[in-house]
Amino acid sequence: MATSLGFLYVFISIVALVSGLTPAQWRSQSIYQVMTDRFARTDGSTTAGCDLNEYCGGTWQGLINRLDYIQSMGFTAIWISPVVKNPIASTQDGNSYHGYWAQDAYALNPKFGTSADLKALSNELHSRGMYLMVDVVPNHMGSISSQTTVDYSKFNPFNKQSYFHKPCNIDYNNQTSVTQCWLGDNIVSLPDLRTEDSNVANMWNTWIGQLVSNYSIDGLRIDTAQQIDTAFWAGFQSAAKGIHTLGEVFNGDPNYICPYQNYLHGILNYGTYYWITQAFQSTSGSISNLVNGINQMKSTCKDVTVLGSFLENHDNPRFPSYTQDIVLIRTAITFTMLADGIPIIYQGQEQKFSGSNVPSNREALWTAKYNQNADLYLHIQKLNRIRSWAIRKDSTYLTYNAWPIWSDSKTIVMRKGYAGKQIVSVYSNSGSNGGTRTITINSGNSGFTAGEKVTEVLRCEALTADSRGNVGVSIPTGRPGILYPTAGLRGSGICGL
Ligand SMILES: *[C@@H]1O[C@H](CO)[C@@H](O)[C@H](O)[C@H]1NC(C)=O
Ligand SMILES: *[C@@H]1O[C@H](CO)[C@@H](O)[C@H](O)[C@H]1NC(C)=O
């Protein structure tokens, strides 16, 4: 035969990973962000808080002992703060408890434990079927000194000034300056590495390859990714054996952040973070900006389904620092967890911590005594349960791009998933004083069919679509709602089905 029909090409995807997860495998995970120093002490004690500028005593062993708390909430992975050795000292900028001031990339932070402890953490996660994401900082090292008095010989492996750019202050309107100038200040300076030089890049690549295999790391969160030249990432990611990366590009503009997905597998979804925060932090937040923002992220980014979806982290004011209305808080958390991408909950969200600026947003978790009956703990557990059920019923749920199917000035309705296996979720910013209103979700967009039985899974309410497939949903006192076809819930245990 002269035609190409005679040839059958079979593509077998060979995953060249010993351990570790690809970007596609991370889609189905749900991440709990741990700041190691603030999560759990080795002895498990819950007495006394601590000075939030100083080391508070959390360790990897403490974390191992409390993994049940995380796993019971439904998380399948943790992201831990940087693990390498930092200079330890009290300064006007606080101490290095957060881990972002690397001094020796080949030594671990002794405050958090030993190499055996970190391996034990990784093993324990894997034996539970969970995964480990580690925060890494290739942009800079940390020195407790002014910019001009850095002792470069203290750094490992970058022990000479020639590995670094000359000090200058970042001008955020100038991208060269963003990648070459220094973060930090003259109390703790953050000498900026010449990551564009092949010797520096090779040293990092050797390091990350070893780190990933020594500790069987499954994914990386990459600090200050926009401060590094984009050409650096291809080599770094391949040295990291192709495991997923979530880069921190601290900017809300899709036109600025999305292009980073051409270099990094994934980034943290700062665009949507800002829109969700403003939409639900008060009854006057803009729903239309949220609608437009979601659509813009989708049309601008290569693949929003591998981004990290979050509402809080250790760098920004916690959501309850804007509003204490539990209904608005639950709504915003629900939106982030059911959005496209990998949901990330920062430790303490489940306990309604409300710290605002650094370091007050880095509370010690043990002050909440690991309460597994807290309102938001139970709420997040429900969200992880419905999300993982939707994934189990149909893995294309993960790659189906969520879209706003209806909105007005107070309410947005989102759909994610193909008909019969879709989650349709309803969010309002009218808050707990908003009264009850009913909206009708049109079948054309929701995918519900005539007479179909639908369950609202937060309140376990049974609904039925009308003869045209439209579903009327009442929103009591501004609460979020999550609809799923009742037939598809059988066997899930959700709402007794
Ligand atoms: C941008 O920053 C670089 C690095 O500091 C500097 O050399 C360059 O002059 C700056 N460009 C402009 C237009 O200011
Ligand atoms: C990985 O482990 C080897 C063998 O113990 C050690 O020599 C190397 O320094 C470690 N590398 C890192 C980055 O932890």
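This is a predicted model: local features need pLDDT of at least 70, side-chain atom pairs count only at pLDDT 80 or more; totals for chains, interfaces and linings use all residues.
The domain assignment of the protein chain places domain 1 at residues 2-395 and domain 2 at residues 403-496. Where the two meet, domain 1 supplies 31 residues to the contact and domain 2 supplies 34 residues.

### The interface

The size of an interface is often given as the accessible area lost when the parts come together. Between domain 1 and domain 2, the buried area is about 2500 Å², and carbon and sulfur atoms give 69% of this area. Which residues of domain 1 lose the most area to domain 2? They are Ile287, Ile386 and Trp389, which together make up 23% of what the domain 1 side buries.

Polar links also cross this interface. The rule finds 7 residue pairs in polar contact between domain 1 and domain 2, with both residues of each pair at pLDDT 80 or more. Four helices of domain 1, namely α10 (270-280), α11 (287-300), α12 (326-338) and α13 (375-393), each bring at least two residues to the side that touches domain 2. Of the contributions to that side, the one from α13 is the most, at 8 residues. Sorted by class, the side of domain 1 that touches domain 2 holds 15 nonpolar residues, 8 polar residues and 8 charged residues.

### Salt bridges

How many salt bridges are found in the whole structure? The search gives 16. Across the interface of domain 1 and domain 2, the rule finds 1 salt bridge. A salt bridge needs a side-chain nitrogen of Lys or Arg within 4 Å of a carboxyl oxygen of Asp or Glu. The table gives two pairs from this structure.

| Salt bridge | N to O distance |
|---|---|
| Lys416 and Asp340 | 2.6 Å |
| Asp375 and Arg330 | 3.1 Å |

In the pair of Asp375 and Arg330, the side chains meet in a salt bridge. This pair links distant parts of the chain, since Asp375 is in helix α13 and Arg330 is in helix α12, 45 residues apart. For Lys416 and Asp340, the 2.6 Å value is the distance between the closest N and O atoms.

### The annotated region

An unreviewed UniProt entry lists residues 33-387 as "domain: Glycosyl hydrolase family 13 catalytic".

Technical notes
Residues are numbered from 1 along each chain as its sequence is written. Chains are lettered from A and ligands numbered from 1 in the order in which they are written. Side-chain values use heavy atoms; hydrogens and water are left out. Domain bounds come from an automatic or database domain assignment. Contact means heavy atoms within 4.5 Å. Buried area is the accessible area (1.4 Å probe) that two parts lose on being put together, summed over both. A polar contact is a pair of N or O atoms within 3.5 Å; within protein, one must be able to donate a hydrogen and the other to accept it, and residues adjacent in sequence count only if both atoms are side-chain atoms. Ala, Val, Leu, Ile, Met, Phe, Trp, Tyr, Cys and Pro count as nonpolar, Asp, Glu, Lys and Arg as charged, and the others, Gly among them, as polar. UniProt positions are given in the numbering used here, feature names are shortened, and annotations may be inferred rather than shown by experiment.
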